Amino acid sequence: MSSGEKPLVQLIGIGKRYGTGPTAFDALHHVDLSINAGEFVAIMGPSGSGKSTTMNILTGYLSATSGSCKINGVDILEDPIKAKQSIGYLPEQPPLYMNENPVEYLQFVGEAKGLRGAELRRQIGEVLEQTGVAPVRNKRIAALSKGYKQRVGIAQALLG
């Protein structure tokens, strides 16, 4: 990364506290993480170590109790829409709409991410090819194998 470039993802002193008083507990305590463009990162640890909490904060699903989370230099709490335009997230169980086909689902997700018209169609075609979903593009998601459902989930994470 050249000087002046910001990390793609930056967690600075992230903390997440649940509850108040004597029953309160810290799910995260002062987590720092920096991910640069082109890097791949795995978050690993035992159950209860804060992996899901970290991802939920990073994607804007939860807010941190302390610290800051920046995506492409944009604070996720200050401008969540702009920050989320730079990320794609695939949870373990992708939230798919089973009565739609992959193209319909990707149109919905792409529009939610602010894509429109020719650019949306171009990106859908690109992610269908990249993930190998193109051959089943018109089948209902409910009829797809688990592997193809996962690929559709990956495709939605790549959009935008």
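Two strands count as paired here if DSSP finds at least two bridges between them.

What we have is a predicted model, so local features need pLDDT of at least 70 and side-chain atom pairs count only at pLDDT 80 or more, while totals for chains, interfaces and linings use all residues. Residues are numbered from 1 along each chain as its sequence is written, and side-chain values use heavy atoms, leaving out hydrogens and water.

As a reminder, strands of a sheet pair through backbone hydrogen bonds, either parallel or antiparallel.

Now let's walk across it. Strand 1 and strand 2 are antiparallel and joined by seven bridges, and I14 stands opposite V31 in strand 2. These two strands make a hairpin with six residues between them, and in the turn G19 has a positive phi of about 80°. Strand 2 also holds H30, which has a positive phi of about 50° even though it isn't a glycine. Is H30 buried or exposed? H30 counts as exposed, because its relative accessibility is 54%; the cut-offs are under 20% relative accessible area for buried, over 50% for exposed, and partly exposed in between, using a 1.4 Å probe and protein chains only.

Next along, five bridges join strand 1 to strand 3, again antiparallel, and G15 has S66 as its bridge partner in strand 3. Strand 3 (residues 66-71) then connects to strand 4 through two bridges, also antiparallel. There, K70 has D75 in strand 4 as its bridge partner.

N72 counts as partly exposed, at 44% relative accessibility.

On to helix 4. Helix 4 (residues 117-131) has 15 residues and reaches 21 Å from its first C-alpha to its last, close to the 21 Å expected at 1.5 Å a residue. That expected span is 1.5 Å times one less than the number of residues. Which residues in helix 4 are buried? They are L120, Q123, I124, V127, L128 and T131. These cover an arc of only 135° around the axis, so they sit on the same side of helix 4; the arc is taken from the directions from the helix axis to the C-beta atoms. On the face turned away from that buried side, you'll find the exposed residues A118, R121, E129 and Q130. The buried ones pack against helix 3 (102-112) and helix 5 (146-158).

Just past helix 4 comes G132, with a positive phi of about 75°. G132 lies in the loop between helix 4 and helix 5 and is partly exposed, with a relative accessible area of 23%. Leaving aside neighbours within four places in sequence, G132 is in contact with Y148 and R151.

Last topic: the cores. A nonpolar core is a set of buried Ala, Val, Leu, Ile, Met, Phe, Trp, Tyr and Cys residues joined through side-chain atoms within 4.5 Å. The largest has 18 residues, and Y105, L106, I124, L128, I141, V152 and L159 touch the most other members. Helix 3, helix 4 and helix 5 are the elements giving two or more residues to this core. There's also a second, separate core of 14 residues, including I14, L58, C69 and A83.

Definitions and conventions
Helices (H or I, at least four residues) and strands (E, at least two) are DSSP runs, numbered from the N terminus. Contact means heavy atoms within 4.5 Å.
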